[in-house]
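Here's a quick tour of how two parts of one chain meet. Have a look at the model first, then read on.

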Amino acid sequence: MIDLDSLRQAFANRFGGEGVAFFAPGRINLIGEHTDYNGGFVFPGAVTQGITAVLRPNNSPTVRLYAADLKQECSFDIMSEEGPAVTHFRYIYGVVRELMAAGVMVQGFDAVYGGDVPLGAGMSSSAALECCFANALCDFFGGRLDKMTLAKIGQATEHKYVGVKCGIMDQFASMHGREGALMRLDCRSGEFQYFPWHPEGYRLLLVNSCVKHELVGSPYNERRASCERVAALAGVEALRDCTWEELETLKPQLSGEDYRRAYYVLGEVDRVLSVCDSLGRGDYETVGHQMYLTHEGLRRDYEVSCDELDFLVNEARRLGVTGARMMGGGFGGCTINLVRNELYETFLAEVQATYRARFGVECQPIPVIIGAGARQL
Ligand code: GLA
């Protein structure tokens with residue numbers, strides 16, 4: 001991980017002088033997976049890990065970038081129709097182009113950036129990158145776009161420049177995060193509420209399977225297409241508006257696969273609401289139970305899990321962890337675990353040992369602190 005001082009130093013070495021530092025976080029999601037692009041509910045929170053960039057306008061049409069962690073550089077003209085080929089630079093190119101399309105008078109700039117969100121862990125390192133630059137460039141170049149619009153600029157970047165047809169959850173969380181609070185977002189209306197997250201007696205722990213998670217070119221878009229087919233047949237704009245009865249009526253017309261995908265989504269939308277009720281009562285055991293149900297749905301019906309993630313969730317269950325499930329888009333990445341304080345150390349030690357014994361590689365425990373959203377440092 002590269003700290004702010006090193007980034008400032010790298011900026012001075014490369015471009016001379018000083019820039020302004022901005023940060024945007026990655027996110028966790030307590031529950032509500034693959035519901036965002038179905039107009040449903042999600043329940044994320046920003047984390048303290050994220051992307052930090054030091055930037056300065058350079059009075060030219062050229063953007064010059066240096067990714068300090070990866071030791072890679074790139075430059076492009078803001079009017080370029082093509083942009084860079086390397087994916088992580090394309091995120092920034094996409095943000096520049098989308099801001100310009102939204103009327104922000106973006107000019108050339110120099111930037112050095114790095115971060116501590118593990119890449120491909122399902123913690124939204126790409127949303128952190130998009131939101132860090134969207135927020136910084138909007139600020140620099142006099143844009144007056146609100147947080148939700150900036151989040152949508154990040155999402156449009158994924159769609160148009162990287163080819164992942166993601167929902168709004170990750171960029172929303174990165175922009176709107178608040179210390180010590182999770183957020184329930186209604187992805188259809190855009191309304192959201194903060195829920196204080198101070199689970200007395202429990203802690204959240206991510207366990208990174210270290211199976212590389214890569215949504216670009218993954219079956220993520222196919223999942224979305226299944227949902228859209230079912231919604232179209234049901235005559236609703238988004239699957240969230242399809243009822244259980246309608247789904248059963250449509251069943252004979254659906255492929256088994258599309259039916260299972262929709263079955264999972266309808267259940268998951270219900271689970272988010274049930275978790276909110278349980279949280280209101282301080283009933284973390286029921287929250288945890290719902291997390292296990294989500295994992296089962298993601299594994300069996302949505303089919304976005306993998307052996308390593310299933311193993312981590314089964315271990316959590318075996319060791320008495322309150323709730324566990326795979327988190328994010330799937331196909332690798334992390335599990336999220338709600339663990340009673342007294343079990344925390346035992347779980348940590350055991351799961352690392354058994355994972356190593358089973359797969360011959362290390363998993364990576366990542367403690368979670370719920371932090372604030374995108375900001376200037
Ligand atoms: C990825 C996407 C999100 C969301 C999750 C699954 O993180 O970027 O929009 O769909 O997967 O919940």
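A salt bridge here is a side-chain nitrogen of Lys or Arg within 4 Å of a carboxyl oxygen of Asp or Glu. Arg325 and Glu33 make one with their side chains, at 2.7 Å from N to O. By that rule, three salt bridges cross the interface of domain 1 and domain 2.

A word on ground rules: this is a predicted model, with local features needing pLDDT of at least 70 and side-chain atom pairs counting only at pLDDT 80 or more, while totals for chains, interfaces and linings use all residues. Residues are numbered from 1 along each chain as its sequence is written, and side-chain values use heavy atoms, leaving out hydrogens and water.

So who's who? The domain bounds, which come from an automatic or database assignment, are 4-194 for domain 1 and 197-367 for domain 2. Here's the pair in figures:

| Item | Value |
|---|---|
| Distance between C-alpha centres of domain 1 and domain 2 | 25 Å |
| Area buried between domain 1 and domain 2 | about 3,400 Å² |

Buried area is the accessible area (1.4 Å probe) that two parts lose on being put together, summed over both. Carbon and sulfur atoms carry 64% of it. On the domain 1 side, Leu30, Ile31 and His34 supply 20% of the area buried against domain 2, more than any other three residues.

Counting contacts (heavy atoms within 4.5 Å), 37 residues of domain 1 touch 47 residues of domain 2.
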